[in-house]
Amino acid sequence: MKIARFSRVGFILAAAGSAVGLGNIWKFPYITGEYGGGAFVFVYLLTVLLIGFSIMIAEMLIGYIGRKDAVSSFENIAPTHKHLWKYGGFQSLAGLFVMIFYSVVIGWIFHYIVTSLSSLPSSVQEAETTFNAMIHTDIATQLFYHSLAFIWITYVLTKGIKGGIEKMNMFLMPALMIILAGMFIYALSLDAFPKAVNFMFAADWSKINSEAFVVAVGHAFFTLSLGMGAIMTYAASMEKNSNIVKAAFWVVFLDTIIAIVAGLMLFTFLYQYGAGPAKGPGLVFISLPAAFYEMGILGNIFAVLFFIALAFAGLTSSVSLVEPMVQYFIDRFSWSRFKSSILMGLFFYLIGIIALLSNIDGYQELLTWGDKNFFDWVDYVTSAIMLPIGGLIMAVFVGFILDKRKVESLMKPQLGFAFETWYFSLRYITPIAMFVVMLNLIGIF
Ligand code: PHE
């Protein structure tokens, strides 16, 4: 059987499609708002540069040499303790777990595309009431759109690397970039633009505390799709003789630029028409629609386009969150792609329904343990525990377990004089940073 491989551009767009997701357009602006702007953005950018880029290269390298699903890749290229290291591949499970709530959020976005066509909330209060009514009382609407997300994502996965994943990314990624660029150019013409720049880039260090620091580091990982087997699984289908460093550069660059463009654009709209840099997860679902309302008919058009772009970002990330487990069952259990895609799809779909119900009044009590409901627990366990462990495993694996000569022979020609810096970052900077993130997130300090 001929193995399907990404084309060069196809790989970069698919990996960038994975990285550019709800994390960039939904989460990044609201956590930037929550943690006070500039200083937070600075820590995030520094992490992306010092740690994120190194791990991106490392993860691509493991996939590229391993050539199989993440579990097999770890096993194949571990010179010692093969059996121990194959568990490194279990990062892939984290991706499938993320999908449990990711798919529900994509459902909300689909719903907002439809409603923004006809009406927008005339005030933040109204927007808040509408949003809360949807997530706390409206099972049918959420279920309908969650099902749509499931069907779309699963369908693409059944079509495989070339005919599904690459094809979708080749179309949706440029479309997403064009929409954002168009809206950004409009934002540039508004009086409030300098205010947004100031908010995002003037660092007020008094606003940064250990929590903000840790959130910035964690977010850098999440937004780059690291530590969940996604990039690794895609890299297993890279063309031979690919330049990993170049590909990693493009993915990190696109992801960062899109987060910043989205952030500047949203904050400009919020300063110009809304209530300033709103905080919290409701930013794009509550404050933003109310700001769009103030723009009149143009606001409706912008709102629809914005939610379409957000949906595209979410869908391209979704397939990469599920693909590692799909590939795992194909490679290790000889399942057909069809069977593997459908079963993995059903997994996140059905458990996603529980996540959806855990926000609904009446079910909430039943599905809440401690201070979090099921939806929040899934988010917390994946981003606070599984993701940093994944990053740590990757850095230690390439930094200490893989034969340095092998790594050097492949990466030195591509990295040149930066090779030692990269290697040092993997061996020391990243493990320490991940460890600190984990300790903080599980509440040890
Ligand atoms: N990077 C994606 C985002 O920003 C999420 C993601 C994480 C996708 C890990 C794949 C793997 O939303």
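This is a predicted model: local features need pLDDT of at least 70, side-chain atom pairs count only at pLDDT 80 or more; totals for chains, interfaces and linings use all residues.
Q: OK, how many residues surround the ligand?
A: There are 15, with Ala 19, Gly 23, Tyr 102, Phe 222 and Ser 225 the closest; a residue is near a molecule if one of its heavy atoms lies within 4 Å of it.

Q: And which side chains have an N or O atom by a ligand oxygen?
A: For Tyr 102 the distance from a side-chain N or O atom to an oxygen atom of the ligand is 2.6 Å, and for Asn 24 it is 3.4 Å; a polar contact is a pair of N or O atoms within 3.5 Å.

Q: What about the ligand's nitrogen?
A: A nitrogen atom of the ligand lies 3.1 Å from a backbone N or O atom of Thr 223.

Q: How much of the ligand does the protein cover?
A: The protein covers 100% of the 320 Å² of accessible area that the ligand has on its own, by the Shrake-Rupley method with a 1.4 Å probe.

Q: Where does the ligand sit, then?
A: The ligand sits in the largest cavity, meaning that more than half of its atoms lie within 2 Å of the grid points. On a 1 Å grid over the protein atoms alone, a cavity is a set of points where a 1.4 Å probe fits but cannot get out, and lining residues have an atom within 4 Å of a point.

Q: What is the volume of that cavity, and which element gives the most to its lining?
A: The volume is about 120 Å³, taken as the space filled by probe spheres set on the points, and H15 gives the most to the lining, with three residues. Helices are DSSP runs (H or I, at least four residues).

Q: How does the cavity lining divide by class?
A: It has eight nonpolar, eight polar and no charged residues, where Asp, Glu, Lys and Arg count as charged and Gly is among the polar ones.

Q: Switching topic, what lines the largest pocket?
A: That pocket, an open set with protein on both sides within 12 Å along at least five of seven lines, is lined by 42 residues, including Lys 27, Tyr 30 and Glu 34. Its volume is about 1,000 Å³, and its lining has 23 nonpolar, 11 polar and eight charged residues.

How values were computed
Residues are numbered from 1 along each chain as its sequence is written. Side-chain values use heavy atoms; hydrogens and water are left out. A polar contact is a pair of N or O atoms within 3.5 Å; within protein, one must be able to donate a hydrogen and the other to accept it, and residues adjacent in sequence count only if both atoms are side-chain atoms. Helices (H or I, at least four residues) and strands (E, at least two) are DSSP runs, numbered from the N terminus.
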